[in-house]
Number of protein chains: 2
Amino acid sequence: MNGPTDLCNNAALRQATRRMGQLYDDAIAPTGLRATQHGMLTQIDFMQQPTMRELAEALVMDLSALGHTLKPLMRDGLVELTPDENDRRAKRVRLTTMGKAKFQQALQLWRVVQGRFEAAFGRERAAELRSTLNFIASDEFVAAFRQKRDT
Amino acid sequence: MNGPTDLCNNAALRQATRRMGQLYDDAIAPTGLRATQHGMLTQIDFMQQPTMRELAEALVMDLSALGHTLKPLMRDGLVELTPDENDRRAKRVRLTTMGKAKFQQALQLWRVVQGRFEAAFGRERAAELRSTLNFIASDEFVAAFRQKRDT
DNA sequence: CCGATTTACAGGTATATGCCTGTTATTGGA
DNA sequence: TCCAATAACAGGCATATACCTGTAAATCGG
């Protein structure tokens, strides 16, 4: 037994996340972005003007946490919010021209880390891991979990 | 393709961590502790008066980040620091009597979530996942990664 | 059409974490 | 022994993330 992470799923996940964060952060640092920020830009680019709520849901993130996280990106002019035409409560998030450029720039560096990670970890194994992690993050899994809880 | 997490190991890991954190946090909330804090108490209990450096290393955590994280626990009287006898630079971390009690209390709730998680996810599968995550967090893996990097 | 409820955010507060910059104590030579 | 280099933290600053409490806009039942 090497410690609590041999037993606790949550603790093991956090440690791996810290480590992975170090590797990806280091690689993307030259752009001035954190890996989390690049992930955010990637998701925004992928979703094409999502509302805050949609984006938060896609990221498995609290809505207000998303709001806080977007602030530095807005301050730096990479992201902007525009009120939705049909629902003035909602705000749509999108990349600015500068945001798109920064995203592309970071994407180059991301490809490098990603490649190195998979070279060290195994491409197939990484795909399986992502699949497992995506399952844990899914609503489907949470529903299954809650069923066990309510038993 | 459901989104970037199908491709990025780091993004997938973060989302799963946020989700898992929600589940474990909810379960342990009645004690007034976060799941991360319970994890911290668990590690401290396991290590028996580690120095800050040793504890940070075991948790794959930055030393100063550890310092910050310990503050609320110290403020609440669950943890205390004592200077090392042989090396006055070092400080040893340990649980107070109250800290041990709180740890045991949270441990009961942890067992419940842990059990529910494994019921929903699969016990064997969870063990494999932890093993994989621990590997990613290990120095061994980082060394392998850096080799690819230096190529 | 109106009031009650719900939805989508904004802000405050608190923890989680990391980097950079001191400050102090140790240690390894010359 | 004294000095330079190193090790172990402490603090400031910044992002990441969550919960709780407003506020404004949309929606729904009567």
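This is a predicted model: local features need pLDDT of at least 70, side-chain atom pairs count only at pLDDT 80 or more; totals for chains, interfaces and linings use all residues.
Let's start at the DNA.

Which helix gives the largest share of the surface near DNA strand D? That is helix 4 of chain A, with five residues. In total, 25 residues sit around DNA strand D. The nearest are A:A65, A:H68, B:M52, B:R53 and B:S64. And by class? The surface near DNA strand D has ten charged, nine polar and six nonpolar residues.

Now DNA strand C. Here, too, I'll take the helices one chain at a time. From chain A, helix 1 (9-28), helix 3 (52-58) and helix 4 each supply at least two residues of the surface near DNA strand C. Helix 4 of chain B gives the most, five residues. DNA strand C is surrounded by 25 residues. Closest to it are A:M52, A:R53, A:S64, B:A65 and B:H68. The surface near DNA strand C divides into ten charged, nine polar and six nonpolar residues.

Next, the protein itself. Take chain A. How many helices and strands are there in chain A? Seven helices and two strands. From the N terminus, the order is α-α-α-α-β-β-α-α-α. The C-alpha trace of chain A spans about 55 × 45 × 25 Å along its principal axes. Of the 151 residues in chain A, 35% are buried. Now look at contacts in chain A with a separation of 6 or more. Residues 24 or more positions apart account for 46% of them.

On to helix 1 of chain B, residues 9-28. This helix has 20 residues. From first C-alpha to last, helix 1 of chain B reaches 28 Å, close to the 28 Å expected. Is helix 1 of chain B buried or exposed? Of its 20 residues, 15 are buried, so helix 1 of chain B is largely enclosed by the rest of the structure.

Last stop: the nonpolar core. The largest one has 68 residues. Which of them touch the most other members? A:A16 and B:A16. Let's follow B:A16 across to chain A. Leaving out residues up to four places away in sequence, B:A16 touches A:L13, A:L133, A:I136 and A:A137. Find B:A16 in the structure and look at those contacts.

Conventions
Residues are numbered from 1 along each chain as its sequence is written. Chains are lettered from A and ligands numbered from 1 in the order in which they are written. Helices (H or I, at least four residues) and strands (E, at least two) are DSSP runs, numbered from the N terminus. A residue is buried if 20 or more other C-beta atoms lie within 10 Å of its own, exposed if 12 or fewer, and partly exposed in between; C-beta atoms are placed from the backbone. Two residues are in contact if their C-beta atoms, placed from the backbone, lie within 7 Å. The expected span of a helix is 1.5 Å times one less than its number of residues. A nonpolar core is a set of buried Ala, Val, Leu, Ile, Met, Phe, Trp, Tyr and Cys residues joined through C-beta atoms within 7 Å. A residue is near a molecule or strand if its C-beta atom, placed from the backbone, lies within 6 Å of it. Ala, Val, Leu, Ile, Met, Phe, Trp, Tyr, Cys and Pro count as nonpolar, Asp, Glu, Lys and Arg as charged, and the others, Gly among them, as polar.
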